[in-house]
Amino acid sequence: MNESNREKPVPSSARRRRQRGYNASRVGDLNRGLVIEGIRQSPGIGRTHLAAETGLTPSAITQIVAALMEEGLVAEVAATPAADRAGRPRLGQPIRGLRLISGYAATIGLHFDHEFARAVLVDVAGNIIAHEKEQLRIEEPEPSTHLLATLFSRLDAHPMRPKRLLGVGVSVMGPVDHDRGAVGQSSQYPAWRNYPFEKALSDLIGHDVFIAINGAAAGLGEYWFGGGHHLPSYIYAFVGYGLGGALIFNRRAVRGSYGNAGEIGHIHTYPEGEICYCGARGCLETVVSLRGLARFLGKPTVEALDFTTPGFCDDPDLGRWVEQAGTDLGRALTSVSNIVDISSILMSGLLPEPVLGRLVERTRRTVAAYQMNARPKPIVLERAQAPSDLVAALGAAAMPLYGNLF
């Protein structure tokens with residue numbers, strides 16, 4: 001494909017909120033993207049199965065695959081004997097599977113939250129080459145931005161990095177203002193309010209950056225690096241310092257008008273509740289979050305929580321928090337499911353395994369109790385599979401793929 005005809009990805013601040021049509025070359029790009037995505041999600045897939053998965057004709061698959069192989073992005077794997085759907089051998093030519101060539105290109109994903117900055121280097125086949133983590137002081141934007149640039153530089157110079165870098169994605173605290181390139185627009189961190197984060201980081205690293213709020217990035221990370229690729233659409237919830245969320249619809253993150261869709265943590269739940277870090281009162285995440293847990297247990301900060309204390313998981317107060325948090329989160333997720341008509345929910349978080357497991361189970365029981373009885377498919381809530389400490393950075397690393405490859 002002629003590189004000049006391919007639509008280039010648009011950095012965050014330059015995106016226009018308007019309807020756009022597709023000309024013939026763009027339709028070809030979309031078909032190409034479907035093929036690349038299908039191969040990445042199912043390495044070794046054959047052309048016949050790829051045609052069935054994408055809905056494209058066998059001749060279209062043949063033409064697109066041939067172009068991708070000539071480009072150096074796709075290669076054939078060793079032929080395997082033909083088999084039916086049950087895995088039984090059948091007559092016919094061996095199937096020549098397809099895979100993405102990992103050395104074709106890479107992306108870098110950056111992520112920061114209230115305590116840490118993370119970075120991950122990923123090749124186009126989905127292999128994690130390297131990742132970095134550093135503690136930061138979130139109160140001041142300039143040092144935080146310089147730390148992200150330092151992490152980028154380390155991975156950019158990594159000896160295993162493919163020569164071509166498709167782009168850099170950044171998972172950030174919301175709300176975001178794409179028009180100004182500003183992030184972390186909460187009352188708790190006033191220094192971020194007028195800080196031109198997108199431009200500052202882009203200038204430091206020498207690349208345009210693609211920004212998403214942490215919840216949306218984590219939802220994408222689950223799709224590309226967890227169990228989400230088995231689901232065309234799902235609701236994603238992440239219990240961290242706050243409560244993040246994402247709507248993945250037809251394998252894409254719903255951004256909303258301004259890039260802040262999916263903020264389930266800011267559903268108003270407690271009329272007489274605590275002031276949220278966003279500045280509003282009674283948000284769901286004032287209870288359903290690490291900050292909410294710390295407050296519930298009488299701790300001054302999240303850092304004061306010691307999950308390694310003997311008997312911590314047996315603390316009756318912890319049990320009461322799980323009961324309330326799971327009930328309230330389950331009701332909220334059921335309402336979101338009713339509104340968007342999506343029946344799959346995935347949950348993850350930074351809680352220790354036993355606590356997160358109990359919270360997921362309590363949330364699941366609440367969802368089952370409150371869902372509409374007449375809906376055609378019951379809501380299914382499952383644990384997410386991508387590594388919780390890296391999932392937002394991995395989602396950020398996936399963002400440059402859109403427009404470059406898909």
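Predicted model: local features only at pLDDT ≥ 70, side-chain atom pairs only at ≥ 80, totals over all residues.
Biologist: Let's start with helix packing. Are H8 and H9 parallel, perpendicular or oblique to each other?

Modeller: The axes of H8 (residues 316–340) and H9 (residues 353–370) come within 7 Å, and they cross at roughly 45 degrees. Angles from 65 to 115 degrees count as roughly perpendicular and those under 35 as roughly parallel. The pair is therefore oblique.

Biologist: Is the crossing of H8 with H9 left-handed or right-handed, and how do the contact residues divide by class?

Modeller: H8 passes H9 in a right-handed crossing. As for the contact between them, its residues divide into ten nonpolar, seven polar and five charged.

Biologist: Now to H2 and H3. What is the orientation of H2 relative to H3?

Modeller: The axes of H2 and H3 (residues 58–71) come within 9 Å, with a crossing angle of roughly 110 degrees. Since 65 to 115 degrees is the range for that class, H2 is therefore roughly perpendicular to H3.

Biologist: Which residues of H3 does H2 meet?

Modeller: H2 passes H3 in a right-handed crossing. On the H2 side, the residues in contact are Arg47, Leu50, Ala51 and Thr54. By class, the contact of H2 with H3 has six nonpolar, one polar and one charged residue. The H3 partners are Pro58, Ile61, Val65 and Met69.

Biologist: And H4 with H5: how many charged residues are in that contact?

Modeller: The axes of H4 (residues 141–156) and H5 (residues 197–205) come within 9 Å and cross at roughly 35 degrees, and this crossing is right-handed. Thr145, His146, Leu148, Ala149 and Phe152 in H4 meet Phe197, Ala200, Leu201, Leu204 and Ile205 in H5. Those residues divide into eight nonpolar and two polar, and the number of charged ones is none.

Biologist: What about the second largest pocket: which residues lie nearest its centre?

Modeller: About 350 Å³ of space lies in the second largest pocket. Its lining has three nonpolar, seven polar and three charged residues. Of the 13 lining residues, those nearest the centre are Gly38, Gln41, Ser42, Glu53 and Arg251.

Biologist: Which helix gives the largest share of the lining of the second largest pocket?

Modeller: Two elements give two or more residues to this lining, namely H1 (24–41) and H2 (47–54). The largest share amounts to four residues, and the helix that gives it is H1.

Biologist: What is the phi of asparagine 250?

Modeller: Most residues other than glycine have a negative phi. Asparagine 250 sits in the loop between E9 and E10 (252–253). Although it is not a glycine, its phi is positive, at about 50 degrees.

Biologist: And where is aspartate 341 found?

Modeller: Aspartate 341 also has a positive phi in a residue other than glycine, near 60 degrees. On one side of its loop is H8, and on the other is E11 (344–349). Aspartate 341 is found in the loop between H8 and E11.

Key. Residues numbered from 1 in each chain as written. Heavy atoms only, no water. Axes fitted to C-alpha atoms, helices over the stretch in contact; angles between N-to-C directions. Parallel < 35°, antiparallel > 145°, perpendicular 65-115°, else oblique. Left-handed = near helix turned anticlockwise from the far one by under 90°. Nonpolar A, V, L, I, M, F, W, Y, C, P; charged D, E, K, R; others polar. 1 Å grid on protein atoms, 1.4 Å probe; cavity = no way out; pocket = protein on both sides within 12 Å on 5 of 7 lines; lining within 4 Å. Points joined across faces, edges and corners; volume = space filled by probe spheres on them. Contact = heavy atoms within 4.5 Å.
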